Amino acid sequence: MQLDDLYQEIILDHYKHPRRARAIPDGEALVDEENPTCGDRIKLNARVADGRVADVQIDCAGCAICTASASMMAERAPGMTVGDFRRLSRGFAAMMRGGPELSEDELGDLAALRGVREYPIRVKCATMAWHALDRALDKLGA
Ligand code: ZN
């Protein structure tokens with residue numbers, strides 16, 4: 001199997017079966033973000049306990065990249081300390097904008113999104129869920 005095919009599989013799996021996804025009624029999301037260039041929308045709720053991300057719920061209506069990235073984020077974040085999540089989120093956003101590569105360990109499934117860097121207009125699709133949880137953590141005072 002070619003690496004590109006594997007990455008495609010990972011993205012499609014997250015897109016078709018987004019983790020920690022549920023319908024969040026309008027007005028009940030801690031963060032409600034839109035990406036007008038692509039038409040993506042993410043509603044997100046989160047909980048923090050003892051300095052860690054305790055729960056994340058996403059309601060994503062968007063393209064495959066946006067939904068897959070949101071799913072990967074929702075899978076990764078719970079259990080992480082707030083500091084670790086913020087570091088990973090910053091590192092991922094920087095890498096997507098042409099900054100240094102994260103290690104394979106840090107990336108995990110996110111490696112499948114690396115190719116999006118070739119399409120600058122889609123980078124926001126890949127980073128918006130991460131930014132959304134960052135904003136939710138700000139709102140929670142975490
Ligand atoms: Zn998109």
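Me: Which residue just after α3 takes a positive phi?
Reply: Gly98 does, at about 100 degrees. Helices here are DSSP runs of H or I with at least four residues, strands are runs of E with at least two, and both are numbered from the N terminus. The model is predicted: local features need pLDDT of at least 70, side-chain atom pairs count only at pLDDT 80 or more, and totals for chains, interfaces and linings use all residues. Residues are numbered from 1 along each chain as its sequence is written, and side-chain values use heavy atoms, with hydrogens and water left out.

Me: How many Å should helix α3 span?
Reply: The expected span is 1.5 Å times one less than the number of residues. For the 15 residues of α3, 82–96, that gives 21 Å, and the end C-alpha atoms are 21 Å apart, which agrees.

Me: Which residues of α3 are buried?
Reply: An α-helix has 3.6 residues a turn, so residues three or four places apart point the same way. Buried means under 20% relative accessible area, exposed over 50%, and partly exposed in between, with a 1.4 Å probe and protein chains only. In α3 the buried residues include Val82, Phe85, Arg86, Leu88, Ser89 and Phe92. The buried residues of α3 pack against β2 (40–49), β3 (52–61), α2 (64–76), α4 (104–107) and α5 (123–139).

Me: What does Leu137 touch?
Reply: A contact means heavy atoms within 4.5 Å. Leu137, found in helix α5, touches Val48, Val53, Val82, Phe85, Arg86 and Ala142, not counting residues up to four places away in sequence. Leu137 has 0% relative accessibility and therefore counts as buried. Leu137 and Leu30 are 107 residues apart in sequence, yet their C-alpha atoms are 9.5 Å apart in space.

Me: Which residues of strand β1 are on the covered face?
Reply: In a regular strand the side chains alternate between the two faces of the sheet. In β1 (residues 31–35), Val31, Glu33 and Asn35 form the covered face, while Asp32 and Glu34 form the uncovered one.

Me: How many bridges join β1 to β2, and β2 to β3?
Reply: Two strands pair if DSSP finds at least two bridges between them. β1 and β2 run antiparallel with 5 bridges, and β2 and β3 run antiparallel with 9. Asn35 has Asp40 in β2 as its bridge partner, and Ala49 has Arg52 in β3. The hairpin of β1 and β2 has 4 residues between the strands, and there Gly39 takes a positive phi near 90 degrees. The hairpin of β2 and β3 has 2 residues between its strands, and Asp50 in that turn has a positive phi of about 55 degrees.

Me: What is the radius of gyration of the chain?
Reply: This value is taken over C-alpha atoms, and the globule rule is 2.2 Å times the number of residues to the power 0.38. A compact globule of 142 residues would come near 14 Å, and the chain has 14 Å, which agrees.
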